[in-house]
Amino acid sequence: MTERLLKAVDARIDDLVALTADLIRFPTVNPPGEAYRPCAEYVGERLRKRGFETEFIRAEGTPGDTDRYPRVNVVARFDGRSAGACVHFNSHIDVVEAGEGWTVDPFAGLVKDGRVYGRGACDMKGGLAASIIAAEAFMEVFPDFPGAIEISGTVDEESGGFGGVAHLARLGYFSKPKVDHVIIPEPLNKDRICLGHRGVWWAEIETKGEIAHGSMPFLGDNAVRHMGAVLQAFEDELFPALDRKVTRMPVVPEGAKRSTMNINSIHGGQTEDFRPGLPSPNVPDSCRLTIDRRFLLEEDLATVKSEVTDILERLKRERKKFDYEIRDLMEVLPLMTERDAPVVKAVAQGIMAIFDREPDYVISPGTYDQKHVARIGHIYDCIAYGPGILDLAHRSDEWVGIADMVESAKVMAIGLNVLLRGTVAD
Ligand SMILES: [Zn+2]
């Protein structure tokens with residue numbers, strides 16, 4: 001069963017490792033969106049040589065797009081000999097900054113002890129490479145397959161996907177009848193199928209004050225102290241309330257089964273660019289706080305927002321001179337693909353064939369490009385499935401296991417076989 005397919009993947013292990021290392025060597029750091037074009041061209045050129053039709057789509061006018069940092073996406077398509085469904089593998093090519101604490105060069109693509117190291121190794125250049133190898137192996141073994149395979153390398157996932165999948169979805173790249181099934185090889189571990197993600201609400205809260213000389217603060221009104229009252233109310237009421245909400249969604253890790261909120265940043269008073277001099281003595285007239293609220297399928301966005309604004313309104317009534325503004329920065333509704341959806345069942349069959357057990361079905365604590373595939377493209381047969389250990393994403397000394405990539409590529413190849421040819425077996 002599937003013997004030829006698995007052998008075809010095994011025959012490509014060196015290629016898989018080299019491809020992953022090559023992809024890591026493009027320092028596609030976002031922001032600002034470095035090296036997007038050469039990385040997209042590398043992916044496109046590779047697939048063009050294998051007979052794919054490739055297109056490069058620059059998302060002009062989307063956040064961050066400039067001539068210095070163009071948002072260049074690649075979409076490659078291979079049409080089989082006869083009509084049929086289209087399976088699309090979508091990977092983001094952008095990575096987050098390397099940060100501190102690395103013991104290896106984050107952009108060298110070092111291969112060592114069965115791992116490939118580098119920023120983006122696990123999130124998600126290893127997944128992109130595995131999907132390319134899976135497709136190439138499948139096409140070699142079943143050259144007469146019906147339907148089509150698409151592979152895309154898209155940008156800006158780490159900053160919301162607006163110049164990447166969202167842009168392409170608006171142009172119709174993620175819609176029927178062009179595409180039927182979407183697999184996003186994010187690093188959710190090789191034996192797990194990710195059905196969706198929690199919701200997101202980002203907002204900026206600003207408290208207002210009145211500027212005055214720091215030696216006479218009683219003449220002004222301190223916006224930072226007002227924000228202190230907001231934070232105290234969050235600590236006393238909101239955080240404990242969020243911690244009591246638990247979802248039926250299979251979110252991993254366990255802590256993310258509850259509602260969460262992160263304080264992303266706080267800025268009050270003058271900026272720190274007085275250094276190395278001294279600051280001037282002022283009472284700050286503005287303090288801004290950004291919050292990152294992750295919510296559950298059981299919660300609705302209006303309630304999520306009112307939990308925060310109710311506190312702010314109460315402070316306005318109770319606290320002298322308290323005034324605030326709140327601005328929405330991002331909203332994403334929670335999403336969960338059904339377990340009996342075709343792409344879920346196909347990849348589950350792959351996992352059962354390779355690991356001899358049922359997959360774990362999970363929900364991601366954070367969002368990824370599935371939101372755009374569903375909300376803009378209206379393709380609901382979409383999952384995240386790929387190699388790489390979720391906990392390693394965005395960390396220093398990020399790596400992806402070669403054996404994990406190989407097994408994952410095999411699962412993807414079997415998934416293709418089920419979705420396009422309707423069988424696990426040859
Ligand atoms: Zn990712």
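Predicted model: local features only at pLDDT ≥ 70, side-chain atom pairs only at ≥ 80, totals over all residues.
Local features are taken only where pLDDT is at least 70 and side-chain atom pairs only at pLDDT 80 or more, while totals for chains, interfaces and linings use all residues. Residues are numbered from 1 along each chain as its sequence is written, and side-chain values use heavy atoms, with hydrogens and water left out.

Let's start with a four-stranded sheet. Its 4 strands run in the order E10-E11-E9-E12, forming an open sheet with antiparallel pairing. Strands here are DSSP runs of type E with at least two residues, helices are runs of H or I with at least four, and both are numbered from the N terminus. Two strands count as paired if DSSP finds at least two bridges between them. Strand E10 (260-268) and strand E12 (324-332) are at the edges with a single partner strand each, so one side of each has no neighbour in the sheet. From one strand to the next, the twist averages 15°.

Now look at strand E9, residues 199-208. On one side, E9 pairs with E12 in the antiparallel sense over 8 bridges. You can pick out tryptophan 201 opposite glutamate 331 in E12, and glutamate 206 opposite glutamate 325 in E12. E9 is also joined to E11 by 10 bridges, again antiparallel, and there isoleucine 205 has leucine 289 as its bridge partner.

Helix H6 (residues 223-243) lies across E9, E10 and strand E11 (286-295), running at about 175° to E10. Helix H7 (residues 301-318) lies across E9, E11 and E12, at about 170° to E12. For these angles, axes are lines fitted to C-alpha atoms, for helices over the stretch in contact, and the angles run from 0 to 180 degrees between N-to-C directions.

How do the two helices sit against each other? A packed pair is described by the angle between the axes and the distance between them. The axes of H6 and H7 come within 11 Å and cross at roughly 145°. H6 passes H7 in a right-handed crossing, meaning the near helix is turned clockwise from the far one by less than a right angle, with anticlockwise being left-handed. On the H6 side, the residues in contact (heavy atoms within 4.5 Å) include Ala229, Phe234 and Leu238; on the H7 side they include Val308, Ile311 and Leu315. The contact residues divide into 10 nonpolar, no polar and 3 charged. In this scheme Ala, Val, Leu, Ile, Met, Phe, Trp, Tyr, Cys and Pro are nonpolar, Asp, Glu, Lys and Arg are charged, and the others, Gly among them, are polar.

There's another open sheet to find, with 3 strands in the order E4-E5-E16 and antiparallel pairing. Its edge strands are strand E4 (111-112) and E16, each pairing on one side only. Strand E5 (residues 115-117) is joined to E16 by 3 bridges, and tyrosine 117 stands opposite tryptophan 399 in E16. H2 lies across E4, E5 and E16 at about 10° to E5, while H10 lies across E4, E5 and E16 at about 60° to E16.

Most residues other than glycine have a negative phi, and most peptide bonds are trans. Just after H8, aspartate 356 has a positive phi of about 60°. Alanine 35 also has a positive phi, about 55°, and is buried at a relative accessible area of 19%. Aspartate 397 has a positive phi of about 50° and is in the loop between E15 and strand E16 (399-401). As for cis bonds, one runs from aspartate 123 to methionine 124, with omega near -5°, and another from valine 252 to proline 253, with omega near -10°. Methionine 124 is in helix H4 (residues 121-141), whereas proline 253 is in the loop between H6 and E10.

Conventions: Buried < 20%, exposed > 50% of the residue type's maximum accessible area, 1.4 Å probe, protein only.
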